[in-house]
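Morning, everyone. I have one structure to show you today. Please have a look at it before I start talking.

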Amino acid sequence: MSTAGASADPLAALGALPGVADSVESVRKAVDRVYGHRVMRRRSNAITSEAALRGARGSAALSGADWALEEVRRRTDFSGDDEARTVGAALRLTAEAGQLLSIWRQSPLRVLARLHLVAAADKADQVGRPRKEGEPVDEPLVGLPLPSATETHGRLDGLAGLIIAGGSAPALVTAAVVHGELLALRPFTSHNGLIARTAERIVLVGSGLDPKSVCAAEVGHAELGRDAYLEALGGYVSGTPEGVAAWIAHCGRAVELGARESMAVCEALQRGAA
């Protein structure tokens, strides 16, 4: 993770990178448009539920299970094969995220461990804790070099310290760094992509930017496509100011597209078509 020099608040320092302020402002406007829609005043719970479903579908797609929304909506059994289990894990994580908001700022590592336990739906020894040296990681769609377990644990502790300390960084910046760092580290033996995107959602909701969780960034990440996602992630991992700024902008665009999706749902509900 780039810390943009010796700043006492490295996340806030990232907010000063070229173009990041524009992304932050664009995201704020997109989110405000959704919250200003008249349907949000009457049926916000319906928008939240629909955003959760669509976000889970988008996150699963980025992890290799690109199902149609209606297939996700109608299915009740997600145990059949790897794709079904991925979709099921994404749905469970989306449901769990809202229960962990109050814990995140005090104990982010505890939340991440819980997310892995929920995603894996297993009680194996490697579930619910960061990986140990030599343990393989099942994340075939992310081909970046894998940091050692020692480096991973140290960087996780550093990330947790930044979250607990708080600071003045915009929510988008913090969410993008959490997302990028978790994908770069892949701290668990499986489901790291799903967990990273869920953690991004937790930051956006818990920060107050999207308190009703109606602007699902996962929708936008899926719409932008896996190739663009991995290219932007590579920029983050490079640690260069340009690469980190491009990743933050990519995450910002994803949030904007998630907001646009919920605006469409609001319009459909207003017309009585959904």
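I'll go from the overall fold to a few single residues.

First, a caution: this is a predicted model. Please keep that in mind throughout.

Now the overall fold. What does the secondary structure come to? The protein has 13 helices and zero strands. Read from the N terminus, the elements run α-α-α-α-α-α-α-α-α-α-α-α-α. Along its principal axes, the C-alpha trace spans about 55 × 45 × 35 Å. How much of the protein is buried? Buried residues account for 51% of the 274.

Next, the surface. Look for Arg38, Arg41, Arg42 and Arg43. Together they form a positive surface patch. Take Arg43 from that group. Arg43 sits in helix 3, which covers residues 38–62. Is Arg43 buried or partly exposed? Its relative accessible area is 38%, so Arg43 is partly exposed. The cut-offs behind that word: under 20% is buried, over 50% is exposed, and partly exposed lies in between.

Now two loops, and a point about the backbone. In general, most residues other than glycine have a negative phi.

Start with Ala121. Its phi is positive, about 50°, and it is not a glycine. Where is Ala121? It lies in the loop between helix 7 (108–120) and helix 8 (149–165). Its relative accessibility is 55%, so Ala121 counts as exposed.

Then Ser213. Phi of Ser213 is positive too, near 55°, and this residue is other than glycine. Ser213 is in the loop between helix 10 (192–206) and helix 11 (217–224). Is Ser213 buried or exposed? At 13% relative accessibility, Ser213 counts as buried. So we have a positive phi at Ala121, which is exposed, and a positive phi at Ser213, which is buried.

Arg260 has 46% relative accessibility, so it counts as partly exposed. What separates Arg260 from Gly220? Along the chain, they are 40 residues apart.

To recap, we have 13 helices and zero strands, and a positive patch formed by Arg38, Arg41, Arg42 and Arg43.

Terms used: Residues numbered from 1 in each chain as written. Predicted model: local features only at pLDDT ≥ 70, side-chain atom pairs only at ≥ 80, totals over all residues. Heavy atoms only, no water. Patch = residues over 30% accessible without salt bridge, like charges linked within 9 Å, V, L, I, M, F, W, Y side chains within 5 Å. Areas by Shrake-Rupley, 256 points an atom, 1.4 Å probe, with all protein chains shown as cover. Salt bridge = Lys/Arg side-chain N within 4 Å of Asp/Glu carboxyl O. Lys, Arg positive; Asp, Glu negative; His and termini not counted. Charge placed at Lys NZ, Arg CZ, Asp CG, Glu CD. Helix = DSSP H or I, 4+ residues; strand = E, 2+ residues; numbered from the N terminus. Buried < 20%, exposed > 50% of the residue type's maximum accessible area, 1.4 Å probe, protein only.
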